[in-house]
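Please look over the sequence and the fold below. A short report on selected local features comes after them.

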Amino acid sequence: MKYFSYQIFIIFIGIQLIQLIDFIIVDAVEYEFDSLTTQFDMRPLEIDRTDVPKKIIVGSFFGGLTRVKPMLEICKILVERGYNVTLIAPGNILPSPDYPNIKQISTGLPIDYREDPVYQDIFYNPLNNNNNDDDNNNNDNNNIENNNNNNDNNNNNDNNNNKNKNNYKQISNLRELFVNKYLSYFNVYKDATESLKPDLFICDVYMNDVCLDIAWINNKPIVGFSEGLLASPFISYRSDIWYNCHISMENESFWNRFRCAIIEPIKLMTELWSINDELNKIRSEVGVNPISTPYERIKNSLFLADTFFGFEVPHPTSPLVQEIGPVMQDEYPILTPNLLSFINSHHKILYVSFNNDIYTTLENNIILLQSCAEAIQQKIIDGVIWSFLNPTFDEILSKSITLSDGTSFTTTEILSNQLPHFLITRFTSQFSILNHTNVKVFLNEGGYTSIYEALYTGTPILALPIEFGNLNNGERLERLGVGITINKMELNIKDILNKIKLLLEDNKIQKNLKKVKVLTRINSYRKYRAADLIEFVMHALTLNSIDIYNLDENNNNNNNNNNNNK
């Protein structure tokens with residue numbers, strides 16, 4: 001009986017195996033057949049833009065192609081999708097071959113940065129460089145008597161206060177410059193709004209209260225834009241160079257955190273109080289409600305920041321604040337034959353280029369030229385490309401330079417390209433030069449556009465900060481380990497040479513550059529995300545009205561039904 005039970009069990013298992021094999025074979029054949037005959041259709045990707053508002057005004061107080069280019073790059077995508085974009089900014093930036101379908105309304109002549117006393121004060125005079133904090137730390141670490149430490153710290157605190165007063169005065173002067181232009185700019189925006197009847201404003205928020213005010217009084221949605229996270233919420237471990245503080249307060253003392261979070265902002269607000277009061281009086285004259293800060297206009301609006309995680313100090317942001325940088329062009333001019341020939345014949349090139357609106361003292365330009373010549377003479381590098389603008393170019397002609405080995409020549413010889421290892425140009429495609437493997441170090445002021453192009457190509461940066469934003473970026477570069485800063489008030493040839501050598505030879509810097517290069521390239525596609533977000537705001541103009549209408553209608557129907565039931 002037991003043997004018979006085993007036989008039945010084996011027969012049962014055999015039948016199950018046969019059925020399983022048959023199922024597998026038949027199913028495989030059917031799948032193969034289906035895969036040969038099944039056809040596929042594309043998922044629809046287009047958005048119906050038939051009834052969507054399409055008129056956009058883009059506003060910038062300062063103008064300048066370098067500053068507005070990120071916004072124009074995003075708007076270029078919107079134009080391709082059928083939107084009508086007009087830029088309001090000083091000067092005559094447009095029309096441009098890069099943006100042929102974007103129009104411009106000019107607010108007047110651009111600021112002459114070389115003649116304006118406000119900018120002369122900023123560019124020529126000291127800015128915060130946080131050296132005082134470092135001095136305090138050094139004093140704490142030295143084995144000196146307590147009384148001496150206290151005296152040193154008191155002196156440093158006095159220096160901090162003096163520097164901060166100077167910084168706040170410079171910021172106050174900038175704000176006053178804007179206030180003086182408010183009425184004339186307001187009229188330009190008002191006339192443009194009446195004629196164009198825009199559906200949306202994209203405002204570069206830096207000193208651009210007038211753009212925000214015009215959008216506000218016309219009840220139009222606003223998309224804020226800035227180079228960095230200017231409108232980010234208050235974070236205790238994040239500060240600003242304006243306050244003589246580090247951008248990251250993570251490792252700072254309690255006193256420095258308290259000073260940078262509470263005391264210094266109050267000092268700045270006190271400095272700006274009278275100017276903001278004057279601006280609010282002007283606002284009242286043209287029918288604009290007074291406010292304490294322009295960011296009140298966009299606290300519930302989409303805000304786009306041309307930056308990216310990894311470059312900024314990590315911190316939480318509102319869902320309305322979107323990092324969409326680095327915004328870069330897709331195409332750049334190719335190198336000229338002259339440039340290409342020079343680059344191909346040199347293998348360790350230092351490239352020097354400053355923003356068109358940035359300048360420094362005559363003495364600093366001479367020191368930088370001599371440092372370049374010394375670097376070539378000491379074989380740290382073998383070539384220099386320098387982009388000079390006309391005013392800077394002309395003012396340093398016929399100056400004598402003597403190197404450490406006794407060799408002497410004039411700046412005229414350098415600037416007229418008589419020396420074989422120097423190439424001086426008036427205009428170059430910066431990205432195309434940085435993208436060449438023979439360009440090894442980039443010396444510039446630390447502007448956002450230049451930094452992004454250098455990081456994208458993996459080029460180490462020697463930053464010479466000239467104004468406040470440059471100082472913040474200089475700290476960001478040093479935190480990332482991809483750049484080093486030099487102080488415009490204490491330029492030293494030996495220090496510059498040592499830092500160039502460090503950028504060329506330090507393995508950690510090269511490793512960090514590879515990491516940040518990948519991060520920059522991955523994030524460089526996000527301008528399309530920015531265009532998508534702006535499109536959603538435009539669509540919401542129609543969607544919201546429909547939703548509200550339906551909601552009201554449903555509520556009325558429900559109320560009627562309830563009344564009938566009663």
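The model is predicted. Its largest nonpolar core holds 107 residues, and Trp386 and Phe422 touch the most other members. Helix H5 (residues 146-196) gives the most to this core, with ten residues.

## Helix H2

Helix H2 spans residues 65-80 and bends by about 35 degrees at Met71. Met71 is itself one of the buried residues of H2. Gly82 follows H2 and has a positive phi, near 105 degrees.

How many of the nine residues of helix H6 are buried? Seven are, so H6 (residues 209-217) is largely enclosed by the rest of the structure. The buried residues are Asp209, Val210, Cys211, Leu212, Asp213, Ile214 and Ala215.

Met207 sits in the loop between strand S4 (200-204) and H6. Its phi is near 60 degrees. Met207 counts as buried because its relative accessibility is 8%, below the 20% cut-off. After H6 comes Asn219, with a positive phi near 55 degrees.

Phe254, Trp255, Phe258, Ile262, Ile266 and Met269 make a nonpolar surface patch of about 660 Å². Ile266 lies in helix H7 (residues 254-285). Is Ile266 buried or partly exposed? Its relative accessibility is 44%, so Ile266 counts as partly exposed.

Asn244 is in the loop between strand S5 (222-226) and H7. Asn244 is not a glycine, yet its phi is positive, about 60 degrees. With a relative accessible area of 0%, Asn244 is buried.

## Cis peptide bonds

Most peptide bonds are trans, and most residues other than glycine have a negative phi. Two cis bonds deserve a look here.

Leu94 and Pro95 are joined by a cis peptide bond with omega of about 5 degrees. Pro95 is in the loop between strand S2 (84-89) and strand S3 (103-106). The bond from Gly325 to Pro326 is also cis, with omega near 0 degrees. Pro326 is in the loop between strand S7 (321-323) and helix H8 (337-344).

Key:
Residues numbered from 1 in each chain as written. Predicted model: local features only at pLDDT ≥ 70, side-chain atom pairs only at ≥ 80, totals over all residues. Heavy atoms only, no water. Patch = residues over 30% accessible without salt bridge, like charges linked within 9 Å, V, L, I, M, F, W, Y side chains within 5 Å. Areas by Shrake-Rupley, 256 points an atom, 1.4 Å probe, with all protein chains shown as cover. Salt bridge = Lys/Arg side-chain N within 4 Å of Asp/Glu carboxyl O. Helix = DSSP H or I, 4+ residues; strand = E, 2+ residues; numbered from the N terminus. Buried < 20%, exposed > 50% of the residue type's maximum accessible area, 1.4 Å probe, protein only. Bend = angle between axes of the 7 residues up to and from the residue. Core = buried A, V, L, I, M, F, W, Y, C linked by side-chain atoms within 4.5 Å.
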